[in-house]
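Please look over the sequence and the model shown here before reading on. The briefing is meant for someone new to this structure.

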Amino acid sequence: MVVAKRMISYKPALINPIPEPAVKTSYINNRRYLGNKYKLLPLITYVVQENCESINSVADIFAGTGAVASAFTDKQIITNDNLYSNYISHLAWFSPEPYSQEKIKQIIAYYNRLEVTGDNYMSVTFADTFFSMTDCRKIGFIREDIETRFALGEINERERALLITSLLYAADKIANTCGHYDAFRQGTLFEKHLELSIPLPNENLNTGNICYNEDTNELVKRISADLVYIDPPYNSRQYCDAYHLLENIARWEKPVVKGVARKMDRTSLKSDYCTNKAAKAFENLIQSINARYILLSYNNMAQKGNGRSNAKIDDSDIMRVLSAKGEVKVFTQDYKPFSAGKSDIDEHEERLFLCICKPKERHIIQSPLNYTGGKFKLLKQILPHLPNSIDTFADLFCGGCNVGVNVNADRVIFNDNIPHLLYLYNTFKNLGKETMLNMIDDVITQYGLSRSTENGYGFYGCESSVGFGDFNRKPFLQLREDFNKKNEDYGYYIMLYVLIVYAFNNQIRFNSKGEFNLPVGKRDFNDKMKSKLCAFIDRLQEGNYAFSCVDFREFDTSALTENSLVYCDPPYLITCATYNEQDGWNEQCERDLLALLDSLNERRIRFALSNVLRSKGKINTILTEWLNQRNYRTIHLDYNYSNSNYHTKDKTDSTDEVLIVNY
């Protein structure tokens with residue numbers, strides 16, 4: 001198709017000193033759309049408020065115009081739709097990117113004054129069909145102008161989305177249709193003409209909002225939210241057929257069109273939810289969702305309308321699939337269905353199916369390092385108090401990684417100020433498991449260390465009550481000496497791991513010269529140690545884990561959002577441990593950490609702090625005074641801390657272990 005060159009060249013909008021007519025404003029609900037749930041919002045919000053607890057994030061994964069998402073702007077919003085025309089509007093309404101409303105106002109005022117006489121893709125392709133020739137020329141010019149401004153850097157991505165959304169809303173308002181673009185009215189006089197308005201999004205949006213333009217069934221495998229709202233197509237009417245023209249304008253790829261309705265190729269946009277594959281697609285979707293609550297909108301049209309209007313998923317399938325995920329409650333409301341004809345459908349209802357999901361079973365694994373102060377024994381008390389939806393989990397004092405490796409989060413950053421520790425974890429993550437095990441075996445063989453899995457205590461002349469310390473002492477000391485002289489590489493960190501396994505209490509400690517200095521222990525690389533290591537490696541290699549080695553005061557928090565969580569398990573000021581040697585943690589460190597947590601709170605970033613208020617007759621007065629001046633929540637954990645058998649035997653004064661959170 002040959003498109004005539006437009007006759008008006010690009011000119012940026014200028015501030016006009018002459019008073020201009022007031023520019024109208026528009027809101028998210030000012031658009032016609034099949035199945036729009038704007039009128040259902042009172043029921044939706046009521047159901048959520050009365051039945052869903054602690055909702056911090058909402059994913060609207062068949063978002064359409066975004067009407068339902070707009071009811072939850074006080075939370076983190078995740079939107080998705082496979083139509084780009086809807087996605088671009090989601091960016092306009094929900095993106096946290098800053099924009100200039102004054103700039104948008106000036107540009108829209110400029111567009112409204114335009115008189116375009118030259119032809120373009122829109123006028124050549126669609127003149128006097130859905131729009132008049134005059135309006136087609138104007139729509140085409142404006143859409144091209146938006147792309148030019150964006151390419152020149154005059155507008156950012158959010159401003160581009162706002163201008164395209166304004167154009168789509170204005171075009172839809174005057175379109176020569178009955179609400180969709182399957183056909184246009186013949187012989188109509190075009191009495192209404194294009195007038196853009198200024199979209200007015202909510203000003204207080206969550207900085208963690210994300211908008212997607214993807215296949216929903218694939219997207220849910222990568223995201224999580226407290227509440228996932230589902231409003232899939234109900235029947236055989238494909239949305240890409242009904243809104244092909246708006247999709248064409250939004251994408252602005254200028255494709256060849258066919259047929260009376262001037263439709264472009266929409267093959268890639270067809271939805272299985274409009275076909276006999278709907279029930280299977282729905283089942284796969286629900287199985288992949290990671291949420292505490294699922295809220296489904298679906299009508300009762302299974303056998304009530306004509307063939308195209310009948311719902312594609314039977315109630316029996318809905319209940320079967322949702323019930324497998326959790327407890328299901330159903331809410332109904334009389335709702336007038338969309339119909340292009342005059343036939344009324346009796347007893348039509350919109351239903352809300354609320355699924356209270358069973359907790360996702362995630363096997364808790366234990367760190368392969370017996371790190372002093374490790375939280376493995378407290379995980380069953382700590383994990384339920386952590387948010388369900390976390391984009392980034394920053395484990396600021398990761399130690400043995402027991403908490404971070406067991407948290408459900410899109411991404412986990414392990415940080416600690418011991419370089420050897422983080423390099424060791426990187427080795428676990430980057431080496432193949434079989435390669436790792438073979439290298440460990442080679443080190444054990446090279447130094448002649450014990451193998452209790454293959455041989456019993458008697459083989460080494462040892463007794464179970466004493467362990468393998470006497471047998472392993474000489475080869476262990478040789479391994480330690482060689483390690484402290486060796487250059488750092490993968491082999492170096494394999495040696496370090498073997499040292500830790502055969503060291504006193506399987507722990508890790510370096511002196512002021514950076515030398516590993518623990519004595520030999522009584523254990524070796526037995527089946528239990530191997531099992532813990534393999535599970536840990538599998539978890540690291542299957543998830544999104546990163547490692548950082550900086551002082552907690554230097555950790556970069558700039559990319560964290562309101563949907564992130566910073567977990568802190570620092571050395572405890574009033575307890576005795578190897579990491580407190582050489583003044584490793586003092587009162588100034590304690591105050592600096594508490595100041596960091598206050599700064600996170602001011603930015604509305606969530607944190608959780610593990611600590612003790614009282615231990616063996618001592619009281620952490622700094623922490624206690626800090627808490628007395630704050631409104632943070634203190635959760636007392638039922639565990640008397642005693643991780644190493646060489647600690648004091650005085651258990652008469654209990655330890656008050658706490659988890660302090662700001663959410």
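This is a predicted model: local features need pLDDT of at least 70, side-chain atom pairs count only at pLDDT 80 or more; totals for chains, interfaces and linings use all residues.

Residues are numbered from 1 along each chain as its sequence is written, and side-chain values use heavy atoms, with hydrogens and water left out.

**Overview**

- The chain has 19 helices and 17 strands; helices (H or I, at least four residues) and strands (E, at least two) are DSSP runs, numbered from the N terminus.
- Of its 663 residues, 54% count as buried, where buried means under 20% relative accessible area, exposed over 50% and partly exposed in between (1.4 Å probe, protein chains only).
- Contact means heavy atoms within 4.5 Å. Among contacts between residues at least 6 apart in sequence, 75% join residues at least 24 apart.

**Helix pairs**

- Axes are lines fitted to C-alpha atoms, for helices over the stretch in contact, and angles run from 0 to 180 degrees between N-to-C directions.
- A crossing is left-handed if the near helix is turned anticlockwise from the far one by less than a right angle, and right-handed if clockwise.
- For residue classes, Ala, Val, Leu, Ile, Met, Phe, Trp, Tyr, Cys and Pro count as nonpolar, Asp, Glu, Lys and Arg as charged, and the others, Gly among them, as polar.
- Helix 3 (residues 101–113) and helix 6 (residues 157–174) have axes that come within 11 Å and cross at roughly 35°, in a right-handed crossing. Helix 3 contributes Lys103, Ile104, Ile107, Ile108 and Tyr111 to the contact, and helix 6 contributes Glu159, Leu162, Leu163 and Ser166. By class, these are 6 nonpolar, 1 polar and 2 charged residues.
- Helix 15 (residues 469–485) packs with helix 16 (residues 490–502) at about 145°, their axes 10 Å apart, and the crossing is left-handed. Residues in this contact include Phe476, Leu479 and Phe483 of helix 15 and Met495, Leu496 and Leu499 of helix 16. The contact as a whole has 9 nonpolar, 1 polar and 2 charged residues.
- Helix 14 (residues 433–447) and helix 17 (residues 527–542) also pack at about 145° with axes 10 Å apart, in a right-handed crossing. Lys433, Met436, Leu437 and Ile440 of helix 14 meet Lys530, Leu533, Cys534, Ile537, Asp538 and Gln541 of helix 17. This contact holds 6 nonpolar, 1 polar and 3 charged residues.

- Helix 18 (residues 587–602) has 16 residues, and at 1.5 Å a residue it should span 22 Å, which agrees with the 23 Å between its end C-alpha atoms. The expected span is 1.5 Å times one less than the number of residues.
- Asn586 caps the N-terminal end of helix 18, with a side-chain oxygen 3.1 Å from the backbone nitrogen of Gln588.
- Buried residues of helix 18 include Cys589, Leu593, Leu597 and Leu600. The buried residues of this helix pack against strand 13 (565–568), strand 14 and helix 19 (621–628).
- Just after helix 18, Arg604 takes a positive phi of about 65°.

- Leu613 lies in strand 14 (residues 606–615) and is buried, with a relative accessible area of 14%. Beyond its neighbours within four places in sequence, Leu613 is in contact with residues including Ile574, Leu623, Leu627 and Val658. The C-alpha atoms of Leu613 and Glu657 are 6.6 Å apart, although 44 residues separate them along the chain.
- Thr216 is in helix 7 (residues 216–219) and counts as buried at 8% relative accessibility. Leaving aside neighbours within four places in sequence, Thr216 is in contact with Ile61, Phe62, Asn80 and Leu285.

**Loop residues with positive phi**

- Most residues other than glycine have a negative phi.
- Lys254 has a positive phi near 55° and lies in the loop between helix 9 (244–251) and helix 10 (278–288). At 39% relative accessibility, Lys254 counts as partly exposed.
- Lys616 has a positive phi of about 50° and lies in the loop between strand 14 and strand 15 (618–619). Lys616 counts as partly exposed, at 34% relative accessibility.

Conventions. A polar contact is a pair of N or O atoms within 3.5 Å; within protein, one must be able to donate a hydrogen and the other to accept it, and residues adjacent in sequence count only if both atoms are side-chain atoms.
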